Amino acid sequence: MLLIVFSIIIFFLFFIISKKTVSLGLPVIVLLALFVRITSILLFINASNFDLSSYKIIGALILNHINIYPYYANLHHPYLPFFLYIEALALYLQKFINPILFLKIIFAIFDIGILLVLYYLSGGKKQVAALYAFNPISILVVCVHGQFDTIPLFFFILSIFLLRAKKDFLAVLFYSFSILTKTWPILFFAPFLKKIRKKWLFLFVSIFPIIFVILYIYLFELNIRGVRNMFWTFRSYYGVLGWGIGKILVAFKMRMDAISTKLVIDLILLTYVIISLLYKERRVIKGFLITILLFFIMSPTYGLQWLLWPLPFLLLIKPKFWEMYVLLVTICLTTAFYGEIYKISITIANTLTSLELILIWCLIIVIAKSEIARN
């Protein structure tokens, strides 16, 4: 019940801010945002889920110098070798601070970082900063459930700020770090490639993934087979089936093996990449919003935490129905996390979540169609 009441209060505050002129200064907004996030973390510090357990498992393995690829990584860390060191640090410091508390505080700090970048991206609009400060989506994803998406999202948003400021090389480097932290932002490369003046600079997008892969190979003394297994982990990960057109794949999943399923997913994503490259938009922020929305429309897979990614762009542009997106996602996250955290009515929660995801997918189509029509 606490989670439901909490979500209602946070969304109510968010909704009020969306209708008011914000007169608070940026330092006050930041302090309020930090207060809300720390309070949220403490309220739900005892919440448990698969991902929080995975952080501890991977951290312990890294501290014991055990290679996690492919077996442990497939289950608990299908990403490039970066966040695993933070997980290890959390376990190393557990005598002084709860590992989950430590990690959630880090995620919250990066969430505050996103707020600051959005403030400057918006040209100093206090309402944008205040809306992000009290947005229920990142608070639920980070402070309640404990996802680390704010780290790659921060570097992604920062790279867009630098891209718009015509600092192309720095933009590519921060984009590279975003991809290192969580691989899938590479799918949003099209607007970067279009806006960079010297296209060859985009080659540096691979710099941090390469450095950290080589570092991991050296530290864990991987042989050729170990390196191949590591890359297969990156290659084989595709999220959870059952989002949008992915529901059709789920219906036929019993007739398809893993390789066939992956092939179909790859073909769908290739189609998305071609469309995103062909789409033309002169405005940087809107170009990224449309690209991300197109991904959500066409992707057959999902992670609930992915629903955070369109939010910064929706707050900056405020297209039609953007408030409805925040409301539906808040309801969806609350429903899903309630079943997972409290282990109560899991079947009902899963059924409701599935229905809510269909509504969110349809809403994303409507928002994308509306924005494309405004070109």
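A search of the whole structure finds six salt bridges, a salt bridge being a side-chain nitrogen of Lys or Arg within 4 Å of a carboxyl oxygen of Asp or Glu. The structure is a predicted model, in which local features need pLDDT of at least 70 and side-chain atom pairs count only at pLDDT 80 or more, while totals for chains, interfaces and linings use all residues. Residues are numbered from 1 along each chain as its sequence is written, and side-chain values use heavy atoms, with hydrogens and water left out.

One of the six salt bridges joins the side chains of Asp 111 and Arg 37, with an N to O distance of 2.7 Å. This pair links distant parts of the chain, 74 residues apart, with Asp 111 in helix H6 (residues 99–121) and Arg 37 in helix H2 (residues 26–43). Helices here are DSSP runs (H or I) of at least four residues, numbered from the N terminus. Asp 111 counts as buried because its relative accessibility is 0%, and Arg 37 is likewise buried, with a relative accessible area of 0%. In these terms, buried means under 20% relative accessible area, exposed means over 50%, and partly exposed covers the range in between, with a 1.4 Å probe and protein chains only.

H2 and H6 meet at an angle of about 155°, and their axes are 10 Å apart. That angle makes H2 roughly antiparallel to H6; angles under 35 degrees count as roughly parallel, over 145 as roughly antiparallel, 65 to 115 as roughly perpendicular, and the rest as oblique. The axes are lines fitted to C-alpha atoms, for helices over the stretch in contact, and the angles run from 0 to 180 degrees between N-to-C directions. H2 passes H6 in a right-handed crossing, the hand being right if the near helix is turned clockwise from the far one by less than a right angle, and left if anticlockwise.

Helix H9 (residues 150–164) and helix H10 (residues 168–181) pack at an angle of about 165°, with 8 Å between their axes. H9 is therefore roughly antiparallel to H10, and H9 passes H10 in a left-handed crossing.

Asp 149 forms a salt bridge with Lys 182, in which the closest N and O atoms are 2.8 Å apart. Asp 149 lies in the loop between helix H8 (136–144) and H9, and Lys 182 in the loop between H10 and helix H11 (189–195), so the bridge ties together parts that are 33 residues apart in sequence. Asp 149 is buried, with a relative accessible area of 0%, and Lys 182 counts as buried at 1% relative accessibility.

The side chains of Arg 197 and Asp 168 meet in another salt bridge, at 3.3 Å from N to O. Here Arg 197 lies in the loop between H11 and helix H12 (207–219) and Asp 168 in helix H10, so parts that are 29 residues apart in sequence are tied together. Arg 197 is exposed, with a relative accessible area of 55%, whereas Asp 168 counts as buried at 7% relative accessibility.

The backbone also deserves a look. Most residues other than glycine have a negative phi, and most peptide bonds are trans. The peptide bond from Tyr 69 to Pro 70 is cis, with omega near 0°; Pro 70 is found in the loop between helix H3 (50–63) and helix H4 (71–76). Lys 318 has a positive phi of about 50° although it is not a glycine, and Phe 321 has a phi near 70°. Lys 318 is found in the loop between helix H17 (311–317) and helix H18 (322–342), and Phe 321 is found in the loop between H17 and H18. Lys 318 is partly exposed, with a relative accessible area of 29%, and Phe 321 counts as partly exposed at 43% relative accessibility.

How values were computed. Helices (H or I, at least four residues) and strands (E, at least two) are DSSP runs, numbered from the N terminus.
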